[in-house]
Amino acid sequence: MTTLGQLLQSRHLPTAGTVAIRNTLHPDDVSEDFRDIDDIARINALDMYDRMQDGQRVADGTSVLSFAAMTGGRARLTGFRTFLMRAPGNVPGDIVYDYDAAHLLHSFIARAQAPIFYDAIAQSGLEDLIGKLVVQWREPLADHICPATDFGLVAVAF
């Protein structure tokens, strides 16, 4: 049994301060176009969806492993990036001008008490695992952001 933290260490990637985000579709963002996280993936908007957070849930400059929720508490790796926090209310252009995902942005702004947006810079070292690495997420599944070294994040396929 290999944990996500052990996998990162085996590739000589930083683990201190690195977080994992398990993206699900927030119930208030559900619409005719977006019924689940797979609908967001179909329009290639997963990389922007996790960059919209209600409050500063990710520190500026943090390394982030982004995952898309799957059934049974599993999650598939969709990205490895550094998140750079923007000033409150300052939305990145790629989010503002993504017309296919405009409804997601508007839903997020309507529900968020403190909308925070991030820019992201791709990191190297896991390119071969994007879309392939699947982890079993730790309980409770409602904890969408946790340290990448959490012993409850176990690789089940890669």
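The entries below run from the whole chain down to single residues.

**Entry 1: the model.** I note that this is a predicted model.

**Entry 2: size and shape.** I looked up the radius of gyration and found 15 Å for the protein chain. A compact globule of 158 residues would have a value near 15 Å, so the two agree. I then took the box along the principal axes, and the C-alpha atoms fill roughly 40 × 30 × 25 Å. The accessible surface comes to about 7,900 Å², and carbon and sulfur atoms account for 52% of it.

**Entry 3: helices and strands.** I counted 5 helices and 9 strands in the protein chain. Reading along the sequence, I wrote down the pattern β-α-β-α-α-β-β-β-α-α-β-β-β-β.

**Entry 4: burial and contacts.** I checked how much of the chain is covered: 46% of the 158 residues count as buried. I also looked at contacts between residues at least 6 apart in sequence, and 70% of these join residues at least 24 apart.

**Entry 5: the cores.** Which residues have the most contacts inside the largest nonpolar core? I found L4, L65, F67, L126, L133 and W137, in a core of 19 residues. The elements α1 (4-10), β4 (62-69) and β5 (74-85) each give two or more residues to this core. Another core lies apart from it; this one has 18 residues, including Y49, M52, A68 and L104.

**Entry 6: L65.** I listed what L65 touches beyond four places away in sequence. Among its partners are L4 and L8, a run of T18, V19, A20 and I21, and also L77, F80, L126 and A148.

**Entry 7: I21.** Is I21 buried or exposed? I21 is buried, because its relative accessible area is 2%, under the 20% cut-off. I21 sits in strand β2 (residues 19-23). I went through its contacts beyond four places in sequence and noted, among them, D50, Q53, L65, F67, W137 and I145. I also checked I21 against Q56: they are 35 residues apart in sequence, and their C-alpha atoms are 13 Å apart in space.

**Entry 8: a surface patch.** V96, Y97 and Y99 make a nonpolar surface patch of about 380 Å². V96 belongs to helix α4 (residues 93-96). With a relative accessible area of 34%, V96 is partly exposed, whereas I21 is buried.

Note on methods:
Residues are numbered from 1 along each chain as its sequence is written. This is a predicted model: local features need pLDDT of at least 70, side-chain atom pairs count only at pLDDT 80 or more; totals for chains, interfaces and linings use all residues. Side-chain values use heavy atoms; hydrogens and water are left out. Patches are made of residues with over 30% relative accessible area and no salt bridge: like charges are joined within 9 Å, nonpolar side chains (Val, Leu, Ile, Met, Phe, Trp, Tyr) within 5 Å. Accessible areas come from the Shrake-Rupley method with a 1.4 Å probe; for residues, only the protein chains shown count as cover. A salt bridge is a side-chain nitrogen of Lys or Arg within 4 Å of a carboxyl oxygen of Asp or Glu. Helices (H or I, at least four residues) and strands (E, at least two) are DSSP runs, numbered from the N terminus. Buried means under 20% relative accessible area, exposed over 50%, partly exposed in between (1.4 Å probe, protein chains only). Contact means heavy atoms within 4.5 Å. A nonpolar core is a set of buried Ala, Val, Leu, Ile, Met, Phe, Trp, Tyr and Cys residues joined through side-chain atoms within 4.5 Å. The radius of gyration is taken over C-alpha atoms; the globule rule is 2.2 Å times the number of residues to the power 0.38.
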